[in-house]
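Let's walk through this model together, one neighbourhood at a time. Keep the 3D view open and follow along as the residues come up.

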Amino acid sequence: MGKKGTNIVEVDVSALVEDLNRAFCDEWLAFYQYWLSARLVGGPQSPSLAAAFRKAAASELEHAGELADRITQLGGTPLMNPGQWQEKANCSYSEPPDDPREWKEMVKNASDGEVCAIEVYQGLAKKVRDGDPVTFNLIVHILAEEVGHEELFENLLRG
Ligand SMILES: [Fe+2]
Ligand SMILES: [Fe+2]
């Protein structure tokens with residue numbers, strides 16, 4: 001990042017990079033959970049459920065990329081080892097149920113995951129609101145999309 005860009009960051013950068021890396025892990029786990037769910041989901045509504053999972057998965061992958069770019073800009077390094085994703089993540093990974101017809105469980109897990117993501121980004125937004133407007137802007141953008149995902153999955157549960 002350029003001198004002025006670095007200069008305007010008034011938060012503890014190493015702590016911020018740590019927080020962003022935790023969120024980065026959440027995004028990869030959510031991406032994988034939805035990517036897998038899109039392929040495994042069964043039952044009468046499966047094409048529309050698969051489409052919803054695919055849509056959310058694409059969005060989580062985009063978030064992972066946006067977080068990685070900001071981490072790099074701040075002089076940090078995105079977590080290099082996927083083996084650390086579960087250990088570092090804020091939210092838990094929910095393995096899809098063995099029976100693919102258990103679509104409600106899959107969607108409920110996704111909805112719960114979004115609740116966790118919303119809490120994480122809300123907390124992050126509060127931390128950087130005054131000290132790092134660029135990260136704040138990114139977090140608010142991601143937060144808004146997580147709110148949309150929660151709504152998407154809740155609506156599927158309602159049927
Ligand atoms: Fe996300
Ligand atoms: Fe999400």
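Start at Val128, which you will find in helix α5; helices here are DSSP runs of H or I with at least four residues, strands are runs of E with at least two, and both are numbered from the N terminus. A quick word on conventions: this is a predicted model, in which local features need pLDDT of at least 70 and side-chain atom pairs count only at pLDDT 80 or more, while totals for chains, interfaces and linings use all residues. Residues are numbered from 1 along each chain as its sequence is written, and chains are lettered from A and ligands numbered from 1 in the order in which they are written.

Is Val128 buried or exposed? Val128 is buried, because 22 other C-beta atoms lie within 10 Å. The cut-offs are 20 or more other C-beta atoms within 10 Å for buried, 12 or fewer for exposed, and partly exposed in between, with C-beta atoms placed from the backbone. Not counting residues up to four places away in sequence, Val128 touches Val11, Leu16, Thr135, Phe136 and Ile139, where contact means that the two C-beta atoms, placed from the backbone, lie within 7 Å. Asp26, by comparison, is 102 residues from Val128 in sequence and 19 Å from it in space, C-alpha to C-alpha.

Now look at how the helices pack. Two packed helices are described by the angle between their axes and the distance between the axes. The axes are lines fitted to C-alpha atoms, for helices over the stretch in contact, and the angles run from 0 to 180 degrees between N-to-C directions. For α2 and α5, the angle is about 160 degrees and the axes are 11 Å apart. The two helices α2 and α5 are therefore roughly antiparallel to each other; angles over 145 degrees get that label, while those under 35 count as roughly parallel, 65 to 115 as roughly perpendicular and the rest as oblique. The crossing of α2 and α5 is left-handed, meaning that the near helix is turned anticlockwise from the far one by less than a right angle, with clockwise giving right-handed. On the α2 side, the meeting residues include Leu16, Asp19 and Ala23, and on the α5 side they include Met106, Ala110 and Val128. By class, this contact has ten nonpolar, three polar and two charged residues. Here Ala, Val, Leu, Ile, Met, Phe, Trp, Tyr, Cys and Pro count as nonpolar, Asp, Glu, Lys and Arg as charged, and the others, Gly among them, as polar.

From α5, move on to α6. These helices pack at an angle of about 160 degrees, with axes 8 Å apart, which means that α5 is roughly antiparallel to α6. The crossing of α5 past α6 is left-handed, and the contact has 18 nonpolar, four polar and six charged residues. Within α6 sits His149, which counts as buried because it has 22 C-beta neighbours inside 10 Å. Leaving out residues up to four places away in sequence, His149 touches Ala56, Ser59 and Glu114. His149 also lies 9.0 Å from Ala52, C-alpha to C-alpha, though the two are 97 residues apart in sequence.

Next comes the pair α2 (residues 13–40) and α3 (residues 46–73), whose axes come within 8 Å and cross at roughly 160 degrees. That makes α2 roughly antiparallel to α3, and the contact between them has 19 nonpolar, three polar and four charged residues. The way α2 passes α3 is a left-handed crossing.

What holds the centre of this picture? The largest nonpolar core has 35 residues, of which Phe24, Leu49, Phe53 and Val107 touch the most other members; such a core is a set of buried Ala, Val, Leu, Ile, Met, Phe, Trp, Tyr and Cys residues joined through C-beta atoms within 7 Å. The elements that give two or more residues to this core are α2, α3, α5 (103–128) and α6 (133–158), and α2 gives the most, with ten.
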